[in-house]
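Please look through the model below before reading on, with its chains and strands in view.

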Amino acid sequence: MTDTAATERRGTWKVKAGLAEMLKGGVIMDVVTPDQARIAEDAGAVAVMALERVPADIRKEGGVARMSDPGLVSGIIDAVTIPVMAKCRIGHFVEAQILESLGVDYIDESEVLTPADEEHHINKHPFKVPFVCGCRDLGEALRRIAEGAAMIRTKGEAGTGNVVEAVRHMRAVSGAIRRLHGIGPEELVMEAKRIGAPADLLEETARLGRLPVVNFAAGGIATPADAALMMQLGCDGIFVGSGIFKAENPSARAKAIVAATTYFDRPDILADASRSLGEAMRGLEIGAIPKEELLAGRGW
Amino acid sequence: MSPKRRRFGVLALQGDFREHLAALRACEVEGVPVRLASELEAVDGLILPGGESTTMIRLMEPALDAAIRRRAHAGMPVLGTCAGMILMASLVEDGRPDQQPLDLMDITVRRNAYGRQVDSFEATVDVPLLGGPGPAVFIRAPRVTTHGDSVEVLAELGSEPVALRQGNRVALAFHPELTSDRRWHQYVLSLDGEKR
């Protein structure tokens with residue numbers, strides 16, 4: 001390979017955003033052990049998110065939530081052949097450097113962990129590893145892309161098993177994109193100012209009629225029907241956090257959510273996939289959570 | 001009779017099938033997403049896209065698996081990119097025993113053989129058959145470790161085969177669909193079809 005090494009370009013935008021394209025139509029599952037990672041891979045996950053605690057436990061136990069132990073991340077990398085993602089705290093670029101050196105395939109700069117910087121997200125451009133970031137609306141999505149995120153997900157409200165916030169965020173993004181249709185150049189600049197987004201990225205979004213990068217749904221998805229709902233609302237794929245391994249029968253539920261994400265527009269197949277899965281995770285009413293404990297408000 | 005196929009399928013279980021459908025549109029051919037065996041009947045050729053091969057194999061219903069094998073061996077043109085190449089192999093070296101590829105070509109592949117995502121890369125690949133070099137995006141790409149005598153190497157990177165053909169079946173380790181180079185799609189569209 002030495003004769004071509006000079007012409008091989010690594011860590012380019014095409015390569016970073018390209019991996020997200022390959023994950024489309026798939027399910028990315030939170031796992032806390034190598035065994036769970038293997039169950040997820042067996043069930044058809046396109047990638048796993050290596051974590052010490054799933055969001056439901058972070059929520060319950062409190063304290064500062066940080067990047068996972070590198071030993072755990074490496075153990076999960078060794079256990080599966082599908083891509084492995086891991087989370088770092090918002091703004092904590094050193095955690096990101098460490099995760100990159102471990103060889104993770106994607107970094108989630110995540111509001112599920114306790115933020116390390118209350119003003120700035122990580123400048124993600126210098127990294128060779130791609131990043132995914134959460135958003136609640138179009139402005140937030142485009143700010144993250146401006147910082148170098150090669151993939152976007154809704155924030156939803158992680159660890160609740162309640163899909164309502166993910167629906168709110170997905171509708172906010174797609175509604176804002178729809179309203180760009182037919183808008184004039186001078187109006188586009190003012191809209192960019194209003195939503196706090198770079199005008200060039202907003203212009204590209206208007207031209208494409210969708211975000212310039214892949215957009216997954218995350219935060220509260222617990223059933224095959226939840227996954228299909230988000231797909232029908234126009235997302236490109238699904239993150240499931242606590243929803244699988246906090247359920248009664250994780251393997252069966254994981255397989256069913258994978259099937260539901262592929263056949264999201266076939267109610268007959270969804271009905272079959274949803275049959276006899278045992279109990280879903282218990283779940284939380286968003287209104288019952290104290291405001292300061294909501295995760296989606298983290299990030300700016 | 002036009003050598004061009006009129007309707008071309010793209011396996012749409014998971015992965016970047018949207019980009020392949022767009023590439024077909026750019027070639028002025030109707031692209032059809034294929035998830036079920038019944039949907040394969042309506043197409044004259046098939047593209048196996050990039051994505052996660054373990055996921056696609058897990059999701060493929062047995063009837064679709066059987067129909068693809070039968071029609072490909074009868075001469076249906078097939079293009080596989082990255083994960084699609086893995087699906088076309090006769091053997092996956094680090095594959096799972098419970099997940100068999102479609103065995104459409106006499107090639108053995110190793111998954112993720114170029115390394116993890118930080119090792120993914122863009123390169124320029126020379127393709128004499130298509131009239132010269134073109135852009136190629138390798139994302140956690142597979143490597144072809146051995147291939148049979150009836151398999152023709154269409155392009156190499158370094159000294160490694162990255163594009164191969166056997167009959168009407170073409171397997172690429174990279175993703176032309178992520179670039180604006182439509183020559184691979186046009187090439188596969190120009191292949192003779194099966195006798196139906």
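The paragraphs that follow go from chain A as a whole to one of its residues, and then to the strand pairings.

This is a predicted model, in which local features need pLDDT of at least 70 and side-chain atom pairs count only at pLDDT 80 or more, while totals for chains, interfaces and linings use all residues. Residues are numbered from 1 along each chain as its sequence is written, chains are lettered from A and ligands numbered from 1 in the order in which they are written, and side-chain values use heavy atoms, with hydrogens and water left out.

Chain A holds 14 helices and nine strands, where helices (H or I, at least four residues) and strands (E, at least two) are DSSP runs numbered from the N terminus. Its radius of gyration, taken over C-alpha atoms, is 19 Å, close to the 19 Å that the globule rule gives for 300 residues, so chain A is as compact as a globular protein of that length; the rule is 2.2 Å times the number of residues to the power 0.38. The C-alpha trace of chain A spans about 55 × 50 × 40 Å along its principal axes. Of the 300 residues in chain A, 59% count as buried, which stands for under 20% relative accessible area, computed with a 1.4 Å probe and protein chains only, as against exposed at over 50% and partly exposed in between. Among contacts (heavy atoms within 4.5 Å) in chain A between residues at least 6 apart in sequence, 67% join residues at least 24 apart.

Within chain A, Asp57(A) has its place in helix H4, residues 55-61. Asp57(A) is buried, with a relative accessible area of 15%, and, leaving aside neighbours within four places in sequence, Asp57(A) is in contact with Gly62(A) and Lys246(A).

Turning to the strands, pairing requires that DSSP finds at least two bridges between two strands. An open sheet of three strands has the order E1(A)-E7(B)-E8(B), with antiparallel pairing. Strand E1 (9-10) of chain A and strand E8 (132-138) of chain B stand at the edges, each with a single partner strand, so one side of each is left without a neighbour in the sheet. Strand E7 (residues 121-127) of chain B is joined to E8(B) by seven bridges, the two running antiparallel, and Ala123(B) has Ala136(B) as its bridge partner in E8(B).

Elsewhere in chain B, strand E5 (residues 91-92) pairs with strand E6 (residues 107-110) in the parallel sense over two bridges, with Leu91(B) opposite Thr108(B). E6(B) also pairs with strand E9 (residues 143-147) of chain B, in the antiparallel sense and over four bridges, and there Ile107(B) stands opposite His147(B).
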